[in-house]
Amino acid sequence: MQPPRKPEDIVRDEMPQLDFSQSMTYGDYLQLDAILGAQKPLSPDHNEMLFIIQHQTSELWMKLMLHELRAAIAKVACDELGDAFKMLARVSRIMEQLVHAWDVLATMTPPEYSAIRPYLANSSGFQSAQYRCIEFALGNKNAAMLKPHAHRPDLLAQVQSAYEAPSLYDEALRLLARRGLPVPTSHTARTWSLPYTESLEVEQAWLIVYRAPKHHWDLYQLGEELTDVEDAFRLWRFRHVTTVERVIGFKRGTGGTGGVSYLRKMLDVVLFPEIWKLRTDL
């Protein structure tokens, strides 16, 4: 029987490139020095590193989600639904990653969080510009949510742009109207920054699609992609609530909200109401 090969022999036989003095490395491409050097704990507590990395990685996932969401909205606007479906499926999978990320933060106990909380001052995920852009892109418009970014003109411009643009659902309804379905002009030519108002006429338009799915197959699939996205978004928000309650109970959040009480109210927000209501009325 041949003796097991030594690791150095395996590497030598594979002949990988080992000299990177003149070429780009994995770390160079991914800017790992900047990313791995971005954790700056303010407290002496061991657990703050978890808290920082949890939120930094969530922001990276949200950056990708926004990249996909914005592209999907543009594809729906120009009737390229095949591409939009792939992007929306990816958005749902990203939200699954964010749901599981809370599992790691939930390993932080109340005493451990209490040790770092004073160092957070008033910083809070409530102030995340990317999260606000995601909410606006999904149709949850609220002018008050622009104010936390007023001190940063660059961030305010990004959030304001998402606030004033048609949401994913707005573009979906405009598509239904272009296909000849009876979506009222109140929902296809409205002021996009206003909160969405549920409409019986919009539900009736979706019911036409869902009662004849084979005839309206791509619109039916769009409705189900929207359902998947909101389903995943609800799970993400719910896991957020339960993790916060587990770690801090009903204390007020560092950003000034009621903490769990505020997050529970957000669970009641429905993004695509007619998509859910039609299931009862079919």
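Which side chains meet in a salt bridge of 3.3 Å, N to O? In this predicted model, they are the side chains of Glu203 and Lys277. The pair joins distant parts of the chain, with Glu203 in helix α10 and Lys277 in helix α13, 74 residues apart. Glu203 is buried, because its relative accessible area is 2%. Lys277, in turn, has a relative accessible area of 35% and is therefore partly exposed.

**Salt bridges**

Side chains of opposite charge can pair when their charged atoms come close. A search of the whole structure finds 16 salt bridges.

| Pair | N to O distance |
|---|---|
| Glu135 and Arg132 | 2.8 Å |
| Arg190 and Asp170 | 3.0 Å |
| Glu203 and Lys277 | 3.3 Å |

Arg190 and Asp170 meet in a salt bridge; this pair also links distant parts of the chain, since Arg190 is in the loop between α9 (168-178) and α10 and Asp170 is in helix α9, 20 residues apart. Both ends are buried: Arg190 has a relative accessible area of 16%, and Asp170 has 0%.

Glu135 is buried at 4% relative accessible area, and Arg132 is buried at 3%.

Beyond these pairs, Lys75, Glu80 and Asp83 are linked in a network of salt bridges.

**Helix contact and core**

The axes of helix α11 (residues 217-248) and helix α13 (residues 273-281) come within 9 Å and cross at roughly 110°. Angles of 65 to 115 degrees count as roughly perpendicular, and α11 and α13 are therefore roughly perpendicular to each other. On the α11 side the contact is made by Gly223, Glu224, Leu226, Thr227, Glu230, Asp231 and Arg234, and on the α13 side by Ile275, Trp276 and Arg279. By type, the residues of this contact are five charged, three nonpolar and two polar.

The largest nonpolar core has 68 residues. Helix α5 gives the most to this core, with 12 residues. Leu138, Tyr169, Trp206 and Trp236 have the most contacts inside the core. Tyr169 is in contact with Tyr196, Val202, Trp206, Leu226, Leu271, Phe272, Pro273, Glu274 and Ile275, leaving aside neighbours within four places in sequence. Two of these partners, Leu226 and Ile275, also take part in the contact of α11 with α13.

Val209 is found in helix α10 (residues 200-211) and is buried, because its relative accessibility is 0%. Not counting residues up to four places away in sequence, Val209 touches Leu181, His216, Leu219 and Tyr220. The C-alpha atoms of Val209 and Pro110 are separated by 49 Å, and the two residues are 99 apart along the chain.

**Positive phi in loops**

Most residues other than glycine have a negative phi. Asp79, which is not a glycine, has a positive phi of about 65°. Asp79 lies in the loop between α4 (48-77) and α5 (81-105), and is partly exposed at 35% relative accessibility. Ala121 has a positive phi as well, near 55°. Ala121 is found in the loop between α6 (110-120) and α7 (129-137), and counts as exposed because its relative accessible area is 53%.

Definitions and conventions:
Residues numbered from 1 in each chain as written. Predicted model: local features only at pLDDT ≥ 70, side-chain atom pairs only at ≥ 80, totals over all residues. Heavy atoms only, no water. Helix = DSSP H or I, 4+ residues; strand = E, 2+ residues; numbered from the N terminus. Buried < 20%, exposed > 50% of the residue type's maximum accessible area, 1.4 Å probe, protein only. Contact = heavy atoms within 4.5 Å. Axes fitted to C-alpha atoms, helices over the stretch in contact; angles between N-to-C directions. Parallel < 35°, antiparallel > 145°, perpendicular 65-115°, else oblique. Nonpolar A, V, L, I, M, F, W, Y, C, P; charged D, E, K, R; others polar. Core = buried A, V, L, I, M, F, W, Y, C linked by side-chain atoms within 4.5 Å. Salt bridge = Lys/Arg side-chain N within 4 Å of Asp/Glu carboxyl O.
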